Amino acid sequence: MIVLALSSGTSVDGIDVAAADLELTGDRVLLTPLGYHEQPWSSALQEEVLAALPPAGTSLEQVCRLDTELGQELGQAARAAVDRLRAGGQGEPELVVSHGQTLYHWVEPGSTERAGQVRGTLQLGQPAWIAEATGLPVVSDVRTADVAAGGQGAPLASTLDALLLGDLTDRGPAAALNLGGIGNVTVVGAPGTPVAFDTGPANALLDAAVRLVTDGVEHVDRDGALAAAGTVDQALLQQLLAHPYYRRQPPKSTGKENFHGGYLQEQLAAHTRGSTLTGPDLLATLVELTARTVAAALDRYRVTQVLASGGGTRNPVLMARLAHHLGPARLGTTDEVGLDPHAKEAYLFALLGFLTWNGLPGTLPGCTGAGAPRVAGRITPGHRPLRLPEPATTVPTRLEIV
């Protein structure tokens, strides 16, 4: 079946829209990418979302407005994607999967060694608007079933990663790295794996720093230009590395409830050079923070190769520092296995919705910490009655990109 997927990461930089033709054949899922598109959020809605993220306070009125407005823009993006598929003669989609926009990930305080239990997670973007715009059924709220089963609800990328990396471990353990607002890794082929967890901030603090040093004019360090012009402040780096999250054992997850602009400003205020630190030096330091925490997280698994994806792969300074710290492991991108690194997360949600539609679990308990695998999400009917297929009887073990 052809599945449309919609996602928006913690960077809130736009809607990722992917279309995929998916097929179950034995123990393999065949995924044929049909197209990927990045649809910017309207500037007013983007600012409203950013203003509502932790540690900001909000109201139920604002939550309701955001749920509606996010759902409407997601519906418009899905409608446009349906039209593109039809115009290109690529087929008729049967299902939409929407991750929505994460507004809060509720994690209890953890200890020095153990991550806190996730109690809830909130993604907004009312799926009824998507179903109304497209006429298609919508799978949404894909994290909560895992949380209810005792898991972290993240990183869901482990579902795709473990299937995709399974054929790549003949030369040793392999890892997939996603560089969104938060970084996450999946490792296969090493003792005790598959395992997956959030490593900490990837772009979250970088983006917050860019907004800070440009007075909100810019939201991202394009091509790593600012970081390339700076020098790492070692004292600030050590201060940032002292955050207890980095020492906690997986499974664990985090988000902007921990690593946000307010946290960054608190750290700068506590730093002796916080008021005089240049913008480029701050960006260079935060790039080094991401590179070191990712490398430290993977060190114990002795991985031989790492395939990266996500918006962070557009930052050549970050990629160069990652390659340096990950060595001798080889750093590449998911382009090598036929998957656009900027589209991978959207294709992940297409896969999750496809598994849900076929009655198959969408999470790996060893990666999220859940007590058992669970079918992910809830289904909102489209304009026609729901007609689900008979549940599949074979759980896939491999993903092949066609």
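A crossing of two helices is called left-handed if the near helix is turned anticlockwise from the far one by less than a right angle, and right-handed if clockwise.

Okay, housekeeping. This is a predicted model, so local features need pLDDT of at least 70 and side-chain atom pairs count only at pLDDT 80 or more, while totals for chains, interfaces and linings use all residues. Residues are numbered from 1 along each chain as its sequence is written, and side-chain values use heavy atoms, with hydrogens and water left out.

A word on names: helices (H or I, at least four residues) and strands (E, at least two) are DSSP runs, numbered from the N terminus. Axes are lines fitted to C-alpha atoms, for helices over the stretch in contact, and angles run from 0 to 180 degrees between N-to-C directions.

Let's start with helix pairs. Two packed helices are described by the angle between their axes and the distance between the axes. For α2 and α3 (residues 127-134), the axes come within 7 Å and cross at roughly 30°. So α2 and α3 are roughly parallel to each other; the cut-offs are under 35 degrees for roughly parallel, over 145 for roughly antiparallel, 65 to 115 for roughly perpendicular, and oblique for the rest. The α2 and α3 crossing is right-handed.

Who touches whom here? On the α2 side we have T68, G71, Q72, L74, G75, A78, R79 and V82, meeting W129, I130, A133 and T134 of α3, where contact means heavy atoms within 4.5 Å. By class that's 6 nonpolar, 5 polar and 1 charged. For the record, Ala, Val, Leu, Ile, Met, Phe, Trp, Tyr, Cys and Pro count as nonpolar, Asp, Glu, Lys and Arg as charged, and the others, Gly among them, as polar.

Helix α2 (residues 60-87) also packs with α1 (residues 43-52): their axes come within 11 Å and cross at roughly 140°. That makes α1 and α2 oblique to each other, and their crossing is left-handed. L45, E48, V49 and A52 of α1 make the contact with Q62, R65, L66, E69, L70 and E73 of α2. This one has 5 nonpolar, 1 polar and 4 charged residues.

The contact includes L236, L237, L240 and L241 of α8 and L282, L286 and L289 of α10. Its residues divide into 7 nonpolar, 4 polar and 2 charged.

On to the sheet. Strands of a sheet pair through backbone hydrogen bonds, either parallel or antiparallel. What order do the 5 strands of the open sheet take? Reading across, it's β9-β8-β7-β10-β11, with mixed pairing; two strands pair if DSSP finds at least two bridges between them. At the edges sit β9 (195-201) and β11 (330-333), each pairing on one side only. Neighbouring strands are turned by 25° against each other on average, ignoring direction.

Zooming in, β10 (residues 305-309) pairs with β11 in the parallel sense over 4 bridges, and L307 has G332 in β11 as its bridge partner. Two helices to look at on this sheet: α5 (residues 157-165) lies across β7, β8, β9 and β10, at about 35° to β8. Then α11 (residues 316-326) touches β7, β10 and β11, its direction making about 145° with that of β11.

Now salt bridges, meaning a side-chain nitrogen of Lys or Arg within 4 Å of a carboxyl oxygen of Asp or Glu. The whole structure has 14. One is R314 with E38, closest N and O atoms 2.6 Å apart. It links distant parts of the chain: R314 is in the loop between β10 and α11, E38 is in β3 (residues 28-39), and they are 276 residues apart.

Most residues other than glycine have a negative phi, and most peptide bonds are trans. Here, T193 and P194 are joined by a cis peptide bond, omega about 10°, with P194 in the loop between β8 and β9. Another cis bond joins P250 and P251, omega about 5°; P251 lies in the loop between α8 and α9. And D223, not a glycine, has a positive phi of about 60°, in the loop between α6 and α7.
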